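Good morning, and thank you for joining this group meeting.

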Protein chains: 2
Amino acid sequence: MHIRPAGAIDADGIWRVLEPMIRAGETYPLPQDMRRDDALAHWFQPAHEVFVAVDPLAETAESIVGTFYLRANSTAGAGHVANCGYVTAPRATGRGVARAMCLFSFERARERGFRAMQFNLVVATNQAAVHLWQSCGMEIVGRLPKAFRHPTNGYVDAIVMYRLLVDD
Amino acid sequence: MHIRPAGAIDADGIWRVLEPMIRAGETYPLPQDMRRDDALAHWFQPAHEVFVAVDPLAETAESIVGTFYLRANSTAGAGHVANCGYVTAPRATGRGVARAMCLFSFERARERGFRAMQFNLVVATNQAAVHLWQSCGMEIVGRLPKAFRHPTNGYVDAIVMYRLLVDD
């Protein structure tokens, strides 16, 4: 697997990754009935630098096993904090795709001059994600009670995660 | 003092409140050299419901002693969490303006169906604000190390504050 910047040519492959996440509605605050064009416009919004994780043996739309965006989480005095959103294809879970994307995003964020990474809303029921991000050095800095409406569990907590990317 | 929705007629008065905050650069992640038109466009962006606190004895631009916006902090599954930004005129500090705006915003947020209020970035050096929001029921849920670049203190922590607005 390798990770590279995404382009318009990747739209089909990225949509195949995003659609199951959007329809499930369990991890991202996106409308469950969001349409392909709106979802891709959201993912590729101007402030987002988008990447794909691909299976190098089969470079077709089907070979995209994950995607993420990197952006500034805020502006001006808080513009040195980055934010990412990562999605792995359901068929590719358990293969280290999310970890590889996360570690890649830290490097890319450092290259761009960001000094920290913040995840604003990790749904607390998504324990696998919380643990994975912790193993990548992200720390739980806070818990937002009932901040996410889960389609089957109702109002559940969300976790704010954060880490510095530089030492000085 | 009373609080009412803001309109275009309030632009001068709101700018008189915003400009000292923007030029100081110590509390909001806005460029210190931000121009009047850009600042007002930011404050009145479509997703913001804007209010002013006015001195009822002198309803002129000079009588605006504070302003705040109310918006959804996120979308879809997290769209029930509100967010506000409040600014008090320097000449009006210590008179309960910020507290009145905060309590008013909770009521307005409830009216609009929001179930919680979140402040994403309270600069930790702004201890007066942290204490004031706590006295209004906001709780510190997390601390983001070095998340804000203070113009004189360098990188300082930021506080995430949150409260539920409904009991059920």
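This is a predicted model: local features need pLDDT of at least 70, side-chain atom pairs count only at pLDDT 80 or more; totals for chains, interfaces and linings use all residues.

Across the interface of chain B and chain A, 10 residue pairs are in polar contact, both residues at pLDDT 80 or more. A polar contact here is a pair of N or O atoms within 3.5 Å; within protein, one must be able to donate a hydrogen and the other to accept it, and residues adjacent in sequence count only if both atoms are side-chain atoms. On the side of chain B that touches chain A, β5 (116–123), β6 (139–150) and β7 (154–164) each supply at least two residues. The largest share of that side, nine residues, comes from β6(B).

Residues are numbered from 1 along each chain as its sequence is written, chains are lettered from A and ligands numbered from 1 in the order in which they are written, and side-chain values use heavy atoms, with hydrogens and water left out. Helices (H or I, at least four residues) and strands (E, at least two) are DSSP runs, numbered from the N terminus.

To complete the interface, 27 residues of chain B are in contact (heavy atoms within 4.5 Å) with 27 residues of chain A. The two chains bury about 2000 Å² between them, 62% of it on carbon and sulfur atoms; this is the accessible area (1.4 Å probe) that two parts lose on being put together, summed over both.

How many salt bridges does the rule find across this interface? The number is zero, where a salt bridge is a side-chain nitrogen of Lys or Arg within 4 Å of a carboxyl oxygen of Asp or Glu. Over all chains, however, the search finds 16. One of them joins the side chains of B:R112 and B:E49, at 2.7 Å from N to O. B:R112 lies in the loop between α3 (97–111) and β5 of chain B and B:E49 in strand β2 (residues 49–54), so the pair ties together parts that are 63 residues apart in sequence. In chain A, salt bridges that share partners join A:E49, A:R108, A:E111 and A:R112 into one network. Within helix α3 of chain A, A:R108 and A:E111 are three residues apart, about one turn of the helix, and their closest N and O atoms are 2.7 Å apart.

Let us turn to the interior. In helix α4 (residues 127–135) of chain A, the residues A:A129, A:V130, A:L132 and A:W133 are buried, that is, under 20% relative accessible area, with exposed being over 50% and partly exposed in between (1.4 Å probe, protein chains only). Seen down the axis of α4(A), the buried residues fall within an arc of 165 degrees, so they line one face of the helix; the arc is that of the directions from the helix axis to the C-beta atoms. Their cover includes α3 (97–111) and β5 (116–123) of chain A.

Finally, two backbone details in chain B. B:A76, in the loop between β3 (64–72) and β4 (81–88), has a phi near 45 degrees, a positive value in a residue other than glycine. B:K146, in strand β6, has a positive phi of about 55 degrees although this residue is not a glycine.
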